[in-house]
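Dear colleague,

I am handing over the structure below, together with some notes on what I found in it. Please read the notes with the coordinates open beside them.

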Amino acid sequence: MKERLLGVALAAAAAGFLVLLLRAESEKSIAALIAVAVAAAVAAVRLRLTARFRPALAIVAVAAVSLALHEDDFSLLLLARALIVVLACLGLNIQFGYAGVVNFAGATFFGVGGYTAAVLARGTGIPHLLVLFLGGAAAAIAGTILVVPVLRTRGHYAALVTIAFALLFRTFFEVNDSLGGPQGLKLPEMRIGPLHFNDPIELGSFFGSFYLKYIALSLLFAALGFALVLRLERSFIGVALDCIRLDETAAASFGIDIARGKITAFTLGNFLTGVAGALSAFMVGFIAPNNYSFGESLILVSILLLGGVGSPWGLPLASAIVLLLPEKLQVIQEYRFLLFAVMVILILLFRPSGLVPRPLRKLA
Amino acid sequence: MTALLDCRGLSRAFGGLLALDGLDLAVAEGGILGLIGPNGSGKTTFFNVLTGLFPATRGEVRFAGEPITDLRPQAVYRAGIARTFQRSRLCLPLSIFDNLLIGNHKRLDHGLWSNLIDRRALRRSVEQGLAEARELVRIFDPPLADRMLEPASRIPMIDRRRIEVCRALISRPRLLLLDEPSAGMTHDETTRLMDDILQVKSKLGGLTIILIEHEMSVIERVTDRCVVLNYGRKIAEGTYAEVARDPSVRQAYLGLE
């Protein structure tokens with residue numbers, strides 16, 4: 001209870017600070033406010049508040065950055081993309097990190113979510129917020145095609161099965177004319193209630209890019225995804241999934257239903273990836289088979305490896321590195337796959353548990 | 001007393017090799033049965049067939065009167081049979097407490113709602129589970145009971161053995177299968193571990209144990225009956241003193257003179 005009150009107080013203080021910062025006009029007051037922020041950050045680290053209130057701090061940080069850049073469309077697009085990719089990788093994290101189910105078709109499930117969103121938003125009047133969840137559901141259902149081979153194979157074979165599935169699905173998108181074929185599909189503007197997502201924001205004297213709305217929505221979904229994944233990890237299901245990954249014989253000998261655990265993890269993971277795909281499709285406004293290639297799946301996996309398999313808090317850092325770095329350093333754009341490959345190999349060699357290794361579970 | 005576990009003609013073939021060959025074996029409720037025999041005589045195979053890891057080729061197993069021959073390992077565990085493994089099978093990256101939760105799987109709620117949405121019951125269950133786990137581990141080693149939230153990889157071999165036994169005991173099985181608990185331990189450590197197991201047994205009342213062991217002094221001290229296997233067949237049965245005198249047992253261990 002005390003913890004919660006403290007958390008609420010901190011969040012309120014941070015929000016108040018942001019309002020002050022946005023209202024501040026003179027350079028002097030801005031400099032003073034920044035000094036206050038730095039002092040507060042140092043104090044928070046000293047008092048070990050950063051570990052306890054990591055979720056609140058992460059949300060405040062994203063909000064602060066996006067408000068600071070509120071008219072810079074391109075940077076905001078990158079930020080929103082990073083958040084969406086974090087959500088997609090949270091799904092992979094449940095599969096790889098907890099149940100040990102390999103999935104090299106992440107971009108495919110992302111694509112199933114995107115195509116579902118496109119078809120539903122074009123052809124039906126289903127509210128768009130619901131469409132996002134239906135995109136996740138469609139990805140989860142598409143995953144059931146893979147359930148039998150995923151349960152029957154392990155290691156390299158399981159990886160090959162998911163790769164074959166990814167190639168198959170991409171061809172399916174390409175040859176299917178009702179899905180736009182290789183040219184893909186355009187999506188209508190996203191609307192939730194009275195909110196039109198593609199209109200810029202005008203609030204009194206405040207003008208902001210329309211991407212701010214997508215950031216808010218992606219942040220909300222990423223936060224929900226985090227809550228789900230963190231709760232899953234700190235639960236009896238999480239313990240059972242870890243046992244399935246580490247030792248199937250021991251798991252079976254202690255009553256753990258291996259098939260049920262793997263199916264739960266696979267389906268839940270694909271659902272998150274699918275929701276992320278639907279959100280991404282709305283934001284970009286256009287989807288085509290090329291966006292969901294095997295290479296994109298590899299990028300998702302490399303983000304997971306870089307951050308630390310099984311460690312959700314590594315994902316924001318890793319997706320920032322993998323997504324933002326090539327955009328900011330145009331020179332490496334052409335060599336980015338080479339660069340990622342080198343990065344992943346170095347990580348696997350020297351820091352196999354990732355940049356932010358998974359901490360020991362603290363259930364009690 | 002009626003037999004808690006009753007195996008009739010239990011066989012298991014691997015290709016042309018009969019690892020278990022028509023084994024008849026019964027254990028009375030509350031008894032401690034020693035299972036001995038040379039390497040490769042089928043002792044561990046018997047445990048694996050009993051717990052459903054390998055299906056039986058022929059024969060029947062009844063546990064507490066119910067047939068369990070064709071059950072999957074999960075169902076055998078739920079019926080009340082828990083085991084340890086010859087080579088430690090703890091989940092080393094997980095905490096000691098997590099490992100004990102795995103052993104207690106059948107008594108925990110694994111529903112999605114209670115684990116992900118309304119977690120009040122989960123929290124209570126965790127607290128209760130931790131207290132229970134500490135109480136059990138304290139019998140084996142009091143200092144270890146205060147290290148429940150440390151990774152299992154950080155504790156020495158003897159403690160890992162203890163935790164493995166605790167993992168099997170925490171679900172309160174009716175039948176405990178111990179596969180060479182002394183492997184990799186000194187004589188004194190083995191003696192202590194067996195004493196602790198006997199202490200738990202007397203606390204739990206009806207616990208029945210089958211013990212695979214090469215250390216004959218342990219077998220002599222703790223078992224009330226022994227079964228000797230050789231090439232998958234039972235070659236002798238009786239108290240330790242009886243089987244130790246049996247010429248076919250001496251022949252199996254020492255060869256023909």
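Of the 364 residues that make up chain A, 43% count as buried. Please keep in mind throughout that this is a predicted model.

The secondary structure of chain A comes to 15 helices and 6 strands. Its radius of gyration is 21 Å, close to the 21 Å that the globule rule gives for 364 residues, so chain A is as compact as a globular protein of that length. Along its principal axes the C-alpha trace of chain A spans about 65 × 50 × 40 Å. If one takes the contacts in chain A between residues at least 6 apart in sequence, 76% of them join residues at least 24 apart.

The largest nonpolar core holds 164 residues, of which Leu83(A), Leu87(A), Cys89(A), Ala117(A), Leu279(A) and Ile303(A) touch the most other members. Helix 5 of chain A (residues 73-99) supplies the largest share of this core, with 17 residues.

Turning to the contact between the chains, 30 residues of chain B and 25 residues of chain A take part in it. On the side of chain B that touches chain A, the elements giving two or more residues are helix 2 (73-79), helix 3 (96-103), helix 4 (112-117) and helix 5 (120-140) of chain B. Helix 3 of chain B gives the most to that side, with 5 residues, and the residues of that side divide into 16 nonpolar, 7 polar and 7 charged.

Strand 3 of chain B pairs in the parallel sense with strand 8 (residues 208-212) of chain B over 4 bridges, and Gly34(B) stands opposite Leu211(B) in strand 8 of chain B. Strand 3 of chain B is also joined by 4 bridges to strand 9 (residues 225-230) of chain B, the two running parallel, and there Leu35(B) stands opposite Val227(B).

With kind regards

Definitions and conventions
Residues are numbered from 1 along each chain as its sequence is written. Chains are lettered from A and ligands numbered from 1 in the order in which they are written. This is a predicted model: local features need pLDDT of at least 70, side-chain atom pairs count only at pLDDT 80 or more; totals for chains, interfaces and linings use all residues. Two strands pair if DSSP finds at least two bridges between them. Two residues are in contact if their C-beta atoms, placed from the backbone, lie within 7 Å. Ala, Val, Leu, Ile, Met, Phe, Trp, Tyr, Cys and Pro count as nonpolar, Asp, Glu, Lys and Arg as charged, and the others, Gly among them, as polar. A nonpolar core is a set of buried Ala, Val, Leu, Ile, Met, Phe, Trp, Tyr and Cys residues joined through C-beta atoms within 7 Å. A residue is buried if 20 or more other C-beta atoms lie within 10 Å of its own, exposed if 12 or fewer, and partly exposed in between; C-beta atoms are placed from the backbone. The radius of gyration is taken over C-alpha atoms; the globule rule is 2.2 Å times the number of residues to the power 0.38.
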